[in-house]
Amino acid sequence: MKVLVTGGAGFIGSNLILELQRRFPDWELFVLDDFSSGNFKNLIDFEGEVITGSITEPETIEKLRKLGLKAIFHQAANVNTTDTNQRRMMEVNCEAFKEILKVGREAGAPVIYASSAAVYGNTSPPMKVDQGLKPENVYGYSKLAMDRVALKFMRENPQIPVVGLRYFNVYGPREEHKGKMASMVLQLTVQILKGKRPRLFKWGEQKRDFVYVEDCVEANIKAFESGKSGIVNVGTGKARSFNEVVKIIKETLETDVETDYFDNPYDFYQNYTEADLIETKEILNWVPKTQIEEGIPKYVKWIKENVNWEKLPY
Ligand SMILES: NC(=O)c1ccc[n+]([C@@H]2O[C@H](COP(=O)([O-])OP(=O)(O)OC[C@H]3O[C@@H](n4cnc5c(N)ncnc54)[C@H](O)[C@@H]3O)[C@@H](O)[C@H]2O)c1
């Protein structure tokens, strides 16, 4: 069967496509990417077909319609949370998604898509799927707009399973291309490897729900296998501070370098995110396997062995 991953050259998309290739050898896999933020290196081990184009182009959507897809995993997006160009953000994230959903409906293909915890802004945790939807930037708003398009589509097309995955703070292999959008686990690890002090906003006690990319991949597969529709959180259900993250990285690298705390320059900053996982368990039958005590050491070792970290701008 023919299966598409959009954004397959990116961080989550490449981890997903490589796992699908490993686990379902009889599937015919396609990646669609415009390589605007992803990296070809993430696709070196992918043996299926790569379609180069943008989800915003009618001719690219036309190509997808002709494929006869049986499942779509939609990860492609403008992921720059600091981009203030509202029209560009909405066109790439929301308008293109409407077209992807139409491709799914015509082909009878389930659509699993990436939403984000950014839809919640500074809502008090734990973040529940239908509460406190107060995005603070246009990126978060574009993901909320996608979720609303999806909910309407689910009501009007109950025969097509659609699942929105609101990822929290994802970390893990294959995110080196993301620059300042990469996880703090990568940025802090590289700072320490370079012999610098890890840099945190004062006083490092802000908390995030850090989720390992392998768990996100599993959530995508479970969403497809469930045959159900809905919007769910993808996190660990447990908020952890940046100080805790630094502590685990330092233990893994066997160093006791001091943290360099500095003033947070942002007017808006999420101080605390934590996923409520009620719908996630119900709809996906998925629970996260990896807490940071296991995920960070595993990832730090991967960085040391696989990443040209001297060249990264942290
Ligand atoms: N990484 C996280 O912590 C996180 C958190 C919440 C949500 N998300 C969402 O998960 C998805 C994947 O994010 P990621 O972290 O892997 O980012 P990424 O930048 O590594 O991957 C996005 C991919 O989409 C491609 N792309 C961008 N615009 C495109 C377009 N118009 N047409 C075709 N391809 C296009 C990029 O080239 C890139 O390969 C995104 O939808 C993002 O919003 C990620």
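The model is predicted, so local features require a pLDDT of at least 70 and side-chain atom pairs a pLDDT of 80 or more, whereas totals for chains, interfaces and linings use all residues. Residues are numbered from 1 along each chain as its sequence is written, and side-chain values use heavy atoms, without hydrogens or water.

**Ligand shell**

The ligand is surrounded by 29 residues, of which Phe11, Asp33, Tyr139, His177 and Lys178 are the closest; a residue counts as near if one of its heavy atoms lies within 4 Å of the molecule. By class, the shell holds 14 nonpolar, eleven polar and four charged residues. Here Ala, Val, Leu, Ile, Met, Phe, Trp, Tyr, Cys and Pro are nonpolar, Asp, Glu, Lys and Arg are charged, and the others, Gly among them, are polar.

| Residue | Atom on the protein side | Distance to a ligand oxygen |
|---|---|---|
| Phenylalanine 11 | polar backbone atom | 2.8 Å |
| Serine 37 | side-chain N or O atom | 2.8 Å |
| Lysine 178 | polar side-chain atom | 2.5 Å |

On its own, the ligand has 820 Å² of accessible area, and the protein covers 94% of this; the areas follow the Shrake-Rupley method with a 1.4 Å probe. Two or more shell residues come from each of α1 (11-23), β5 (111-116) and α4 (138-156), and β5 gives the most, with three residues. Helices (H or I, at least four residues) and strands (E, at least two) are DSSP runs, numbered from the N terminus.

**Domains**

The chain is divided into domain 1 (2-169 + 213-234) and domain 2 (171-209 + 238-272 + 290-311), with bounds from an automatic or database domain assignment. Their C-alpha centres lie 26 Å apart. Domain 1 gives 30 residues to the contact and domain 2 gives 18 residues, where contact means heavy atoms within 4.5 Å.

An unreviewed UniProt entry annotates residues 3-235 as "domain: NAD-dependent epimerase/dehydratase"; such annotations may be inferred rather than shown by experiment. Over residues 3-235 the chain is 38% helix and 20% strand.

**Backbone geometry**

Most residues other than glycine have a negative phi, and most peptide bonds are trans. Proline 125 and proline 126 are joined by a cis peptide bond with omega about -5°, and proline 126 sits in the loop between β5 and α4. A cis bond also joins lysine 202 and tryptophan 203, with omega about -10°; tryptophan 203 belongs to the loop between β8 (199-201) and β9 (207-208). Phenylalanine 35, in the loop between β2 (28-33) and β3 (49-52), has a positive phi near 55°.

How values were computed:
Polar contact = N/O pair within 3.5 Å; in protein donor to acceptor, adjacent residues only side chain to side chain.
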